[in-house]
Amino acid sequence: MGYRLITPPAAFPVTLAEAKAQCRVDHADDDAILNRLIAAATSYLDARAGVLGRCIVSQTWELTLDAFPPDEIQIDLGPVQSIVDVNYDDPSGAAQSLVVTSYILDNASPTAWIVPQDDWPATIEAVNAVRVRFISGYGGTSSAVPDAIRHAILMLVSHWYENREAVGQPQIELPMAVTALLAPYRAIPV
């Protein structure tokens, strides 16, 4: 099982104007720095490698499996908005696509499930024989992202803007307020 990013987010969860307001910056001299900090804060939180373990702004991913599972397909990179397609290699090795009506997306919780309406079809015994493309994230614009996540990103940007150098003594990994804001949104493995 593996995840691969197909289409990255088209926008960041916060805008440069919001970051400038948070940092009390009223000039364009540091726009490049602030844009890098927005990107760094987003990367720190977003997707599989991020602290949240979930997607923030809409992005397309592909989950690969060596075969269909006995029951449901679990997608733990939420929040899953929709399934783009489910493709598989049949026993002869020919690429096939499942009809949308042959499965149901259960995305009522952070972990989404693709539930077959009947039995899954047979696949070839090969690596990555099943490929599920899906769109995950809170939405395509920054306004769709929960305010707590957006504010945490702005706090990180502001903190890093004011503290641009590494320090010689141990530091708290994240400011406590950021950790508190993000706690309800962290993905917990099932």
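Which residues is Gln59 in contact with, leaving aside its neighbours within four places in sequence? The answer is given with the view of Gln59 below. The model is predicted, so local features need pLDDT of at least 70 and side-chain atom pairs count only at pLDDT 80 or more, while totals for chains, interfaces and linings use all residues. Residues are numbered from 1 along each chain as its sequence is written, and side-chain values use heavy atoms, with hydrogens and water left out.

**Overview. The protein has four helices and eight strands.** Helices (H or I, at least four residues) and strands (E, at least two) are DSSP runs, numbered from the N terminus. Along the sequence the pattern reads β-α-α-β-β-β-β-β-β-β-α-α. The C-alpha trace spans about 60 × 30 × 25 Å along its principal axes. Of the 190 residues, 40% are buried; buried means under 20% relative accessible area, exposed over 50% and partly exposed in between, with a 1.4 Å probe and protein chains only. Among contacts between residues at least 6 apart in sequence, 72% join residues at least 24 apart, where contact means heavy atoms within 4.5 Å.

**View 1. Gln59 lies in strand β2 (residues 59-65).** Gln59 has a relative accessible area of 3% and is therefore buried. Leaving aside neighbours within four places in sequence, Gln59 is in contact with Leu5, Thr7, Pro8, Pro9, Asp46, Ala47, Phe134, Ile135 and Ser136. A polar atom of the Gln59 side chain lies 2.8 Å from the backbone oxygen of Val57. The side chains of Gln59 and Trp61 make a polar contact at 3.0 Å. A polar contact is a pair of N or O atoms within 3.5 Å; within protein, one must be able to donate a hydrogen and the other to accept it, and residues adjacent in sequence count only if both atoms are side-chain atoms.

**View 2. Strand β2 is covered on both faces.** Seven of the seven residues of β2 are buried. Gln59, Trp61, Leu63 and Leu65 are on one side, and Thr60, Glu62 and Thr64 are on the other. In a regular strand the side chains alternate between the two faces of the sheet.

**View 3. Strand β2 pairs with β1 and with β8.** Two strands pair if DSSP finds at least two bridges between them. Strand β1 (residues 2-7) runs antiparallel to β2 and is joined to β2 by five bridges. Leu5 has Trp61 as its bridge partner in β2, and Thr7 has Thr60. Strand β8 (residues 130-136) pairs with β2 in the antiparallel sense over seven bridges, with Ser136 of β8 as the partner of Gln59. These strands belong to an open sheet of five strands in the order β1-β2-β8-β4-β5, with antiparallel pairing. Its edge strands, β1 and β5 (95-97), each pair on one side only. Neighbouring strands of this sheet are turned by 25° against each other on average, direction ignored.

**View 4. Strand β7 (residues 112-116) has a covered and an uncovered face.** Ala112, Ile114 and Pro116 make up the covered face, and Trp113 and Val115 the uncovered one. Strand β3 (residues 73-75) pairs with β7 in the antiparallel sense over three bridges, and Ile73 has Ile114 as its bridge partner. Strand β6 (residues 103-106) also pairs antiparallel with β7, over four bridges. Ile104 stands opposite Val115 of β7. Five residues lie between β6 and β7 in the hairpin that they form.

**View 5. Helices α1 (residues 16-23) and α2 (residues 31-45) cross at roughly 105°.** Their axes come within 10 Å. Axes are lines fitted to C-alpha atoms, for helices over the stretch in contact, and angles run from 0 to 180 degrees between N-to-C directions. The two helices α1 and α2 are therefore roughly perpendicular; the term covers 65 to 115 degrees, with angles under 35 degrees roughly parallel, over 145 roughly antiparallel and the rest oblique. Leu16, Ala19, Lys20 and Cys23 of α1 meet Asp31, Leu34, Asn35 and Ile38 of α2 in this contact. These residues divide into five nonpolar, one polar and two charged. Ala, Val, Leu, Ile, Met, Phe, Trp, Tyr, Cys and Pro count as nonpolar, Asp, Glu, Lys and Arg as charged, and the others, Gly among them, as polar.

**View 6. Gly50 lies in the loop between α2 and β2.** Gly50 counts as buried because its relative accessibility is 11%. Not counting residues up to four places away in sequence, Gly50 touches Ser43, Tyr44 and Leu45. The C-alpha atoms of Gly50 and Asp106 are separated by 24 Å, and the two residues are 56 residues apart along the chain.
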